[in-house]
Amino acid sequence: MPSNQAGQQPPVCDYEGSDYQQRFWDQGEREYEDRTEAIAIKRLLLTSGQRLLEVGAGAGRNSPRYQGYEQIVLMDYSTTQLEQARERLGDSERYIYVAADVYRLPFVDGLFDGATMIRVLHHMADAPAALASIRQTLAPEATFLLEYANKRNVKAILRRLLGRQDWNPFSREPIEFIELNFNFHPAAVRGWLRELGLRVQRQLTVSHFRVGLLKRTVPTGLLVALDSVFQPTGNLWQYTPSVFVKSQADERVAAAAPGAFFKCPECGSPLPEKNKTHIECGSCGSRWGYQNGIYNFKEAL
């Protein structure tokens, strides 16, 4: 997937006003997927760290699972999703809620020693650009945990062999199966990470049994246990619909200076402390909102 030309803003999948958490997770019969993802996160993420960026945090489904980190920044494009996360997790110095565009992240370079992007990359029209933006926020040796939708999964392969699918699951280019929903080839994802100086350390295959019939007839606990057994095979091959990748950042981006945190998405200058309602950039004059405990960097005031 070629990166967009400079100045061209990729389209964004916006969950503003959505009941996604309730409809898809709480009532959507996704207990199997949720529990298998929890196992993958526990296996791959460091047990301790200072500051973690959760890209596409949504309503905070996974945020409590990052127990070892002192501070977690929940970043999402949707302010209403972040409001739900704040209701779920509460106000504390440990959680910071930030509405922003992943292609224009408002954080100084090298700020985080950990980052996650789970069930988000499949909405990226320019995945390499999104990954590059996140990469700039990572300090040397930071851990990056990425989940992506795998186009080379068993179901897609069978559909191709039976003539029920036109696109090739073995080709490297992404496939957009519905608007702003993409599946990616494992080799392509690893290549993007490598080019950004993110060394792949481990891969897990997840949701081996994401089949409606199995989920309806086999006890969820048994499916989760079996999935847990097969997850480590991800280091050998990737044929499940979901793949988790743990990578580590090299030293091409220096760690952030002490006390530095936000930067202006318009000009890239470091931003001062907020007042009660906004932050104003001293370099370009852009003003960014702060309301109900949420920093809003989607559009300048």
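A nonpolar core is a set of buried Ala, Val, Leu, Ile, Met, Phe, Trp, Tyr and Cys residues joined through side-chain atoms within 4.5 Å. This tour visits such cores, and then the aromatic rings, in a predicted model.

**Confidence colouring.** Colour the chain by pLDDT before selecting anything. The mean for the protein is 94, and 98% of its residues reach 70 or more. Next select residues 1-5, where pLDDT stays under 50; the model has 14 contacts beyond four places in sequence for this segment. Where pLDDT is low, the predicted coordinates should not be read in detail.

**The largest core.** The largest nonpolar core has 49 residues. Select Phe107, Met117 and Phe144, which have the most contacts inside it. Then display the elements that give two or more residues to this core: the strands β1 (49-55), β2 (69-76), β3 (95-99), β4 (112-117), β5 (138-149) and β9 (242-249), together with the helices α4 (127-136) and α6 (186-195). Strand β5 supplies the largest share, five residues.

Centre the view on Phe144. Beyond its neighbours within four places in sequence, Phe144 is in contact with Ala115, Thr116, Met117, Leu131, Ile134, Leu138, Leu193, Leu198, Val245, Lys246 and Ser247.

**Aromatic pairs.** Show the rings of Phe, Tyr and Trp; 14 aromatic pairs are counted. Begin with Phe107 and Phe261, whose ring centres are 6.2 Å apart with planes at 80°, so the pair is edge-to-face. This pair links distant parts of the chain, 154 residues apart: Phe107 lies in the loop between β3 and β4, and Phe261 in the loop between β9 and β10 (278-280). Both residues are buried.

Phe262 is in the loop between β9 and β10, while Tyr295 belongs to strand β12 (residues 294-296), a separation of 33 residues. Phe262 and Tyr295 are likewise buried.

Now widen the selection to Phe107, Phe112, Phe261, Phe262, Trp288, Tyr290, Tyr295 and Phe297, which ring pairs link into a cluster.

**Charges over rings.** Two further stops complete the tour. At Phe24, Arg30 lies over the face of the ring, 4.0 Å from the ring centre. At Tyr77, the charged end of Lys298 sits over the ring, 4.4 Å from its centre.

Conventions: Residues numbered from 1 in each chain as written. Heavy atoms only, no water. Buried < 20%, exposed > 50% of the residue type's maximum accessible area, 1.4 Å probe, protein only. Helix = DSSP H or I, 4+ residues; strand = E, 2+ residues; numbered from the N terminus. Contact = heavy atoms within 4.5 Å. pLDDT = per-residue confidence, 0-100. Phe/Tyr/Trp six-rings, centres within 6.5 Å; stacked < 30°, edge-to-face > 60°. Lys NZ or Arg CZ within 6 Å of the ring centre and 35° of its normal.
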